[in-house]
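Biologist: Could you walk me through how to read charged pairs in a model like this one? I would like the general idea and then the case at hand.

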Amino acid sequence: MKYRAIGENHLYGKAYAKGKKCVAARVVVYVLRDYRAEALRRADPLKRPINRIGLTVTKKLGGAVVRSRVKRILREGYRAVDRENVIAKGNLIVIVARSGSVTAKSTDIAKDLKYAFRKLGMLSPISRGGSESECKTAK
RNA sequence: CUGACGGAACGCGCGGCCGCGCAGUAUCAUGCCGAAAGGUUUUACUGUGAGGAAAGUCCGGGCUUCACAGGGCAGGAUAACGGAUAACGUCCGCCGACGGCUUCCCCCAAGGGUUGCCGCCCGGGAAAGUGCAACAGAGAUAUACCGCCGUCUUACGAGACGGUAAGGGUGGAAAGGCGAGGUAAGAGCUCACCGGCUCCCCGGGUGACCGGGGAGCCCUGUAAACCCUAUCCGAAGCAACACCGUAUGCAGGUCGGUCUGCCCGGCCUAUACCUGCGGGUGGCGCGGGGAUCUCCCCCGGAGCCGUGGGGUAACUCACGGCAAAGAUAGAUGGUCGCGGGAAAGGGUAACACCUUUUUACAGAACCCGGCUUACAGUUUCGGCAGCAGC
RNA sequence: GGAGAAGUACUCAAGUAGGCCGAAGAGGCGCCCCUGCUAAGGGUGUAGGUCGGGUAACCGGCGCGAGAGUUCGAAUCUCUCCUUCUCCG
């Protein structure tokens with residue numbers, strides 16, 4: 001499943017100001033309804049709804065190598081959650097890395113994201129790939 | 001064998017599963033988004049995918065634009081000499097200063113000369129001019145505090161005037177050093193030797209410079225203070241710029257722009273430019289920006305490697321061969337296993353072996369040549385030091 | 001990605017044609033007055049960081065972002081790094 005990145009700076013500002021927020025151990029997640037989601041859905045040939053993802057990794061966490069690595073791990077974590085669960089679509093999601101994510105593995109990030117999405121009501125009750133017990137441990 | 005130093009090279013490997021960017025082919029499919037320019041989705045296969053520093057942005061270029069005559073002033077950069085190079089503040093060689101070790105000589109010693117090697121130096125000019133040199137010291141570019149000597153006065157305690165840079169003390173620096181003559185006492189005042197500077201002659205070298213001889217002179221330091229001399233320099237930078245598309249209000253000002261500042265001069269333009277306020281995040285735009293695919297042309301780019309010639313070397317010439325990033329909130333990853341290296345612990349006579357930990361610095365963003373800085377570990381070369389053996 | 005600017009006590013900062021500079025001034029701080037007690041206000045004062053020595057008063061070394069260099073001497077001049085901030089389309 002591919003995802004589309006947020007390119008506009010003002011959308012980041014809106015997500016911080018108006019979005020729903022959940023703080024996990026290694027990441028902070030902001031979620032906002034995407035007004036252009038319908039247009040983007042119609043642009044897709046298979047007419048699938050889509051989430052737009054933005055990643056924020058500040059310079060405080062390290063140099064370019066460290067920050068690129070954190071972004072890769074965040075993307076891999078989102079991908080793992082999306083593979084195993086059904087995430088509500090048509091939203092802007094901004095994921096901010098905290099200092100703990102520098103040394104984290106992608107499985108740790110996936111646990112945090114799953115916890116955050118559940119708190120924000122983004123996960124549908126029907127689990128796709130993962131079992132129900134896995135969700136409990138994530139809690 | 002070990003150690004530190006300097007130069008050079010390398011800077012983790014293999015596999016399974018899941019995944020990412022780009023290019024190509026096929027496919028969903030005469031689709032969808034957008035006003036347009038244009039963009040883009042699925043799946044499969046094939047190919048390909050970060051560095052020695054990609055970094056800092058400190059120098060030098062290419063490239064692009066500025067409506068490009070030219071000149072002067074200002075400004076900036078470099079600094080022995082010769083060469084290399086597209087160019088450089090880089091590199092190579094060489095000269096000189098300084099420091100270390102060393103050979104030999106003078107020598108009680110201190111020290112001096114000399115031979116060779118290594119290190120190091122933002123190494124022009126201070127006898128063109130100006131400035132500055134705190135404190136200390138009598139005196140800082142010219143001086144008399146103590147002292148020494150002479151004359152005069154004297155109340156015999158000394159005082160006044162003059163001479164003197166040998167001795168004392170201060171300082172980073174005090175009129176070159178040392179010996180003799182000389183003198184009232186002294187002084188390059190005179191002379192010998194040594195040292196330095198300038199000029200001339202001879203010899204060597206492309207040259208800086210070196211060696212020898214002669215004449216004159218003995219002069220503080222600082223140019224990473226102003227400055228002088230020689231050489232070089234237009235500016236801005238891919239967020240440059242070009243193309244397409246869309247939008248383009250109000251008020252005020254000025255003729256405006258131009259190779260930057262100022263002046264002269266030239267050129268271009270006539271609703272162009274500047275300032276303030278308002279509105280809007282406006283195009284998920286294209287190119288710049290990547291050799292390749294059938295042909296042709298240009299070949300890519302100051303590219304790397306090998307062989308041979310030239311050169312002390314940097315480098316260069318000829319021939320042959322090798323290549324494959326191109327993202328755009330920014331692609332190289334995740335996870336598991338095996339292996340390699342290193343460290344620590346256990347173990348051993350020493351290995352072997354076992355366990356644990358660790359595997360640096362760091363990410364292309366238009367492209368090259370350097371410099372600087374960061375860096376776990378490995379290999380190799382060079383001279384040096386130590387230990388052991390012959 | 002590119003182009004610039006600035007780092008001085010706890011904070012804001014002056015000092016930059018080299019020298020009585022370890023540092024003007026203000027806030028802050030300490031002490032006193034005022035008040036039943038605070039705040040505000042008034043007066044006054046010293047040290048300022050760190051290391052070493054000393055019972056203490058005090059004395060000495062190093063310290064102007066860090067490290068080299070020039071100079072007799074550097075906060076100031078030169079070079080190389082580090083940090084912070086600003087600008088561009």
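**Reading the salt bridges**

Modeller: Asp112 and Arg26 join their side chains in a salt bridge, at 3.2 Å from N to O. The term covers a side-chain nitrogen of Lys or Arg within 4 Å of a carboxyl oxygen of Asp or Glu. This pair links distant parts of the chain, 86 residues apart: Asp112 sits in helix α4 (residues 106-119), and Arg26 in the loop between β2 (20-23) and β3 (27-33). Helices (H or I, at least four residues) and strands (E, at least two) are DSSP runs, numbered from the N terminus.

This is a predicted model, where local features need pLDDT of at least 70, side-chain atom pairs count only at pLDDT 80 or more, and totals for chains, interfaces and linings use all residues. Residues are numbered from 1 along each chain as its sequence is written, chains are lettered from A and ligands numbered from 1 in the order in which they are written, and side-chain values use heavy atoms, leaving out hydrogens and water.

Biologist: Is Asp112 buried or exposed?

Modeller: Buried means under 20% relative accessible area, exposed over 50%, and partly exposed in between (1.4 Å probe, protein chains only). Asp112, at 10%, counts as buried, while Arg26 is partly exposed at 25%.

Biologist: How many salt bridges does a search of the whole structure find?

Modeller: In general, side chains of opposite charge can pair when their charged atoms come close. Here the search finds two. Arg79 and Glu76 form one of them, at 2.7 Å from N to O. These residues are three apart in helix α3 (residues 64-84), so about one helical turn separates them. Arg79 is partly exposed at 32%, and Glu76 is partly exposed at 33%.
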